[in-house]
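Visitor: I have not looked at this one before. Can you take me through a few parts of it?

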Amino acid sequence: MTDILMVAIEALTAEDICDRQMGSNVLETAMGDPASWMTDVPKLMRYIYKNIEGVSTEPARHSLHSLLLLLTERCPREVVRSLLEISPTCDSAALAMWEVMISMPGTLWSVLTELRSVLQDLRLRKVFSCAMEDACISLLALLLRTDFGSEKFAALYKPKSFLRNPSWMMLSVVLESLITLSKAHMMEAAAATPVPPAGKLNGRLVLSGQSIFARVVFQRFTIRKLCFLQARKILVLLPDIMETMQDTNSDVKRKALLLFRNTMGHLDREEASPITLQLAEKLLPLFDEDPTPHISHADALAHRGLGVPVAEVPHPPPYQESSLVREFSISLFRDVMDTVVGRNKKMLRKTVKRVLVPLFLRMNDQSKSVAKASRDTLLDCAGFLEWRNLSTLVQTHQTHRIGECLLQQDRSRLEEQLCQSLLYVKDAQATLRLEAVRFTGLGARYLKNRSNKVEKLNEITKDDPELLLAHVCLLAPDEPQAYTARHAAR
């Protein structure tokens, strides 16, 4: 049976859709009767490791991930130790497998428990190739302990701060674990929660409508309490994650943003307010996330001082990842405005004003989800600042008037707004470039001394006829031909 599964796993990498479907069907049938083939887990793990990076379609990937999760659920010890033996330095294929194995609450618990036992094994004394990474595993294991409160957790973590300078691969694993904890671990906890006793009639269990209601309320209360306690421990890690995510790739940034969103949802507004105020400042650069340059696994290992020549880390389509980072960061900023309270709300006003121009320009993003998130967040910014005119223009989709409204609403920030828009004049997206030129040209009309901004815009647009025409029409609407001739003569 193992040989048949190996053929099915390899079929998932085939170009022919029929072969891939055949592989998925075989795996689905086999997973219905796991006892017949769970006799050679190490061999199956090696074959999954060999093929996981070649599986490119979502249905095939789902089949392989389901198999790996089932193996992890039934045989966590063999699965974890096999993968450590296959790839002790955690190359790209192993990283993909670890992230699947920790993506579900039950398997996350099993994997971390087994990794911790490896650390305690006198013959091994390590999991990965670096003591810092092993410390991260111990840290995650402590997060799962309900008897280890946030104060004790903070006292242990803060003196060493393992997440200040991790390899991006370990940071990715840690974030994946924390996301799993922050969104789903409570469901298993609810299943194990003691409930009020039910009545019996003739030896049979009977739940009245009232007792069912009480049971549901009790479980929901317990779930919320566990979420809150877990989130308070994760909160200890967020400042370091916030700093680290600025210098990593788009995939890790996306995970960090998801973690922030999940964690904030479990905390009281008063407790979340200070960290969200810090987060607001860090989100603005992510609004303009560009495709991340490729980072090799060898480079990552060299960063850790290992210098092991191994395969390069796979990376998802760069535009897709970067657009997700833009969308998540913009949406998270909207959540931040809803979370801050008290004096933090007043302190946030300056940051909210700084995001207005980027949000306005991102309404022209070629990603529809980014454009929508930008519009929705700009609308909330208008409400936060109590700028009714801007709110009306956004609600009624009068995009052509929003730019002028921003320039007129706060004349004291005119220079800053134009400096922001100039950064977009050379954006990779044509729609953003054009809107940035329009906004900058329009804003230059309001400047008393506009020569510096005009010359800067002249320099940027001189090699792009479309941008030059838009620029000319804004700065010299009555004599575009004469202005173009003067500009060309320079």
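Visitor: At what angle do helix α17 and helix α20 pack?
Guide: This is a predicted model. In it, helix α17 (residues 343–362) packs against helix α20 (residues 399–409) at an angle of about 160°, and their axes are 11 Å apart.

Visitor: Roughly parallel or roughly antiparallel, then?
Guide: Angles over 145 degrees count as roughly antiparallel, and α17 and α20 are therefore roughly antiparallel to each other.

Visitor: And is the crossing of α17 and α20 left-handed or right-handed?
Guide: The crossing of α17 and α20 is left-handed.

Visitor: Which residues meet there?
Guide: From α17, Leu356, Val357 and Phe360; they meet Thr399, Ile402, Gly403 and Leu406 of α20. By class, this contact of α17 with α20 has five nonpolar residues, two polar and no charged ones.

Visitor: New topic. How many residues are in the largest nonpolar core?
Guide: The largest nonpolar core has 136 residues, and Leu71, Trp98, Leu178 and Ile241 have the most contacts inside it. Helix α10 (residues 168–183) gives the most to this core, with ten residues.

Visitor: What does Ile241 touch?
Guide: Leaving out residues up to four places away in sequence, Ile241 touches Leu163, Leu175, Leu178, Ala256, Leu259 and Phe260.

Visitor: Now Pro76. Where is it found?
Guide: Pro76 is in helix α5 (residues 76–86). Pro76 is partly exposed, with a relative accessible area of 22%.

Visitor: What does Pro76 touch?
Guide: Not counting residues up to four places away in sequence, Pro76 touches Leu71, Ser110 and Glu114. Leu71 is also among the residues with the most contacts inside the largest nonpolar core.

How values were computed: Residues numbered from 1 in each chain as written. Predicted model: local features only at pLDDT ≥ 70, side-chain atom pairs only at ≥ 80, totals over all residues. Heavy atoms only, no water. Helix = DSSP H or I, 4+ residues; strand = E, 2+ residues; numbered from the N terminus. Buried < 20%, exposed > 50% of the residue type's maximum accessible area, 1.4 Å probe, protein only. Contact = heavy atoms within 4.5 Å. Core = buried A, V, L, I, M, F, W, Y, C linked by side-chain atoms within 4.5 Å. Axes fitted to C-alpha atoms, helices over the stretch in contact; angles between N-to-C directions. Parallel < 35°, antiparallel > 145°, perpendicular 65-115°, else oblique. Left-handed = near helix turned anticlockwise from the far one by under 90°. Nonpolar A, V, L, I, M, F, W, Y, C, P; charged D, E, K, R; others polar.
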